[in-house]
Amino acid sequence: MRNQPVTCKVLTVVLPREIDFTNADQLCHDLCTRAGSGIDVLAADMTGTRFCDSTRFRMLLVVHDRLAERAVQLEVVLHPDQPVMRALKLIGFDHVLRLSLAAA
């Protein structure tokens with residue numbers, strides 16, 4: 001019996017430039033809805049996000065928890081020198097969320 005390669009289906013969603021009270025709830029709903037059946041990883045591309053209201057970071061935890069219930073992993077993609085990356089690390093979300101560095 002040959003070992004079959006393991007494939008991982010990834011859906012990448014580009015997040016907006018700014019995340020605040022005007023769009024966070026809808027964004028949370030959209031991310032949770034888009035991770036349908038057959039998706040293993042939802043990659044939230046925040047490389048273009050320049051601002052995220054500190055209280056809206058919670059939205060990422062909500063998405064993380066809802067996706068985990070469906071065995072889908074949330075991966076947050078950022079640039080290493082991005083202010084959003086520093087903020088996530090400062091509040092300790094790097095210990096909860098899977099953060100990935102964007103290719104240069």
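Across which strands does helix 3 lie, and at about what angle does helix 3 run to strand 5? Helix 3 (residues 83-90) lies across strand 5 and strand 6, and its direction makes an angle of about 130 degrees with strand 5. Axes here are lines fitted to C-alpha atoms, for helices over the stretch in contact, with angles running from 0 to 180 degrees between N-to-C directions, and contact means heavy atoms within 4.5 Å. Helices (H or I, at least four residues) and strands (E, at least two) are DSSP runs, numbered from the N terminus.

## Basis of the model

The structure is a predicted model, in which local features need pLDDT of at least 70 and side-chain atom pairs count only at pLDDT 80 or more, whereas totals for chains, interfaces and linings use all residues. Residues are numbered from 1 along each chain as its sequence is written, and side-chain values use heavy atoms, with hydrogens and water left out.

Four strands form an open sheet in the order 1-3-5-6, and their pairing is parallel; two strands are taken to pair if DSSP finds at least two bridges between them. Strand 1 (10-14) and strand 6 (98-101) stand at the edges with a single partner strand each, so one side of each is left without a neighbour in the sheet. From one strand to the next, the twist averages 30 degrees.

Strand 1 pairs with strand 3 in the parallel sense over five bridges, and within this pairing V14 stands opposite D45 of strand 3. Strand 3 and strand 5 are likewise parallel and share five bridges, with V41 having Q73 as its bridge partner in strand 5. Strand 5 (residues 73-78) is joined to strand 6 by four bridges, again with the two strands running parallel, and here E75 stands opposite R98.

## Strand 3 and the buried D45

Five of the five residues of strand 3 are buried, so this strand is largely enclosed by the rest of the structure; buried means under 20% relative accessible area, exposed over 50%, and partly exposed in between (1.4 Å probe, protein chains only).

D45 lies in strand 3 (residues 41-45) and is buried without a salt bridge, the nearest side chain of opposite charge being that of R50, 8.5 Å away. For charge, Lys and Arg count as positive and Asp and Glu as negative, while His and the chain ends are not counted. The side chain of D45 does make a polar contact with the side chain of T47 (2.5 Å), where a polar contact is a pair of N or O atoms within 3.5 Å; within protein, one atom must be able to donate a hydrogen and the other to accept it, and residues adjacent in sequence count only if both atoms are side-chain atoms. Not counting residues up to four places away in sequence, D45 touches T12, V13, V14, L15 and V77.

## The salt bridge between E75 and R98

A search of the whole structure finds one salt bridge, defined as a side-chain nitrogen of Lys or Arg within 4 Å of a carboxyl oxygen of Asp or Glu. The side chains of E75 and R98 meet in a salt bridge at 3.3 Å, N to O. E75 lies in strand 5 and R98 in strand 6, so the pair ties together parts that are 23 residues apart in sequence.

E75 is buried, with a relative accessible area of 15%, whereas R98 counts as partly exposed at 37% relative accessibility. The side chain of E75 also makes a polar contact with the side chain of S100 (2.7 Å). Leaving aside neighbours within four places in sequence, E75 is in contact with V41, L42, A43, A44, R98 and S100.

## Two exposed loop residues

F21 lies in the loop between strand 2 (18-19) and helix 1, and at 60% relative accessibility F21 counts as exposed. The C-alpha atoms of F21 and T55, which are 34 residues apart along the chain, are separated by 8.6 Å.

S37 is found in the loop between helix 1 (24-34) and strand 3, where S37 is exposed with a relative accessible area of 76%. A separation of 8.6 Å is found between the C-alpha atoms of S37 and R70, which are 33 residues apart along the chain.
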